[in-house]
Amino acid sequence: FTTLLYTIKFERSMMSTMMYVPVLILLAFVQQSVQQKQCYRQDVNFGGADIKSTWEHTVDRCFTKCRYTAGCRSFTYRSDKMCFLKNKKGGAAGPNVLSGHISANIQCQNVDAFWGEAANFGGADIRHTKVNSAAQCEQFCRDTEACKSVTFAVKYRICYLKNRINGNYRSNSSVYRSKNMN
């Protein structure tokens with residue numbers, strides 16, 4: 001009788017454990033989906049460095065396609081449902097603003113709350129581009145391969161991506177805000 005009772009208790013505990021497994025899998029999927037969506041850059045294009053293009057029903061499927069494609073580090077998803085898989089973080093030359101596109105790096109870093117110091121990091125430019133905000137400027141640097149620091153021209157909203165910490169030189173400025181990436 002004790003053996004039978006033990007067997008019944010064991011089977012019950014296994015059943016309750018088995019009932020929790022699907023819930024845990026669902027929670028892991030939801031957490032992954034939330035983290036994935038935090039990487040999406042709305043109205044941003046990662047141009048060039050294409051591995052291949054494919055039609056995908058949703059941006060989430062495009063993300064998954066990239067995640068499971070060898071060598072894929074980022075993607076751009078267009079409003080016509082075309083998904084462009086990239087072999088470089090941020091595409092060939094980094095992000096640019098382009099309506100109707102969603103881009104993401106498979107491993108992304110998001111913007112810090114603190115934004116830069118009143119300084120100009122001169123030289124060491126990777127490129128410059130017009131942006132909507134200082135935060136977008138920082139995000140473009142984080143999404144660009146080899147970007148180490150950034151200078152933002154406040155009045156004109158021009159973002160200068162740099163391949164060196166502090167650029168080639170640093171000078172105080174009330175016109176620019178600059179930041180080194182961690």
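In the predicted model, helix α3, which spans residues 134–142, is largely enclosed by the rest of the structure, because eight of its nine residues are buried. The buried positions are A134, Q136, C137, E138, Q139, F140, C141 and R142.

Aromatic contacts were examined next. A pair of aromatic rings is described by the distance of the centres and the angle of the planes. Three aromatic pairs are present in the structure. In one of these, Y40 and F75 adopt an edge-to-face arrangement, with a centre-to-centre distance of 6.3 Å and an angle of 85° between the planes. Y40 is located in the loop between α1 (2–38) and β1, whereas F75 belongs to strand β3 (residues 74–78); the pair therefore ties together parts that are 35 residues apart in sequence. Y40 has a relative accessibility of 16% and counts as buried, because the cut-off for burial is under 20% relative accessible area. F75 is likewise buried, its relative accessible area being 0%.

F75 also forms an edge-to-face aromatic pair with F63, for which the ring centres are 5.9 Å apart and the planes lie at 90°. Since F63 lies in helix α2 (residues 59–67) and F75 in strand β3, this pair ties together parts that are 12 residues apart in sequence. Both F63 and F75 are buried. Through these ring pairs, Y40, F63 and F75 are linked into a cluster.

I106 is situated in the loop between β5 and β6 (119–122). At a relative accessibility of 16%, I106 counts as buried. The C-alpha atoms of I106 and T64 are 9.2 Å apart in space, while the two residues are 42 residues apart in sequence.

Note on methods:
Residues are numbered from 1 along each chain as its sequence is written. This is a predicted model: local features need pLDDT of at least 70, side-chain atom pairs count only at pLDDT 80 or more; totals for chains, interfaces and linings use all residues. Side-chain values use heavy atoms; hydrogens and water are left out. Buried means under 20% relative accessible area, exposed over 50%, partly exposed in between (1.4 Å probe, protein chains only). Helices (H or I, at least four residues) and strands (E, at least two) are DSSP runs, numbered from the N terminus. Rings of Phe, Tyr and Trp (its six-membered ring) pair if their centres lie within 6.5 Å; planes under 30 degrees apart count as stacked, over 60 as edge-to-face and the rest as tilted.
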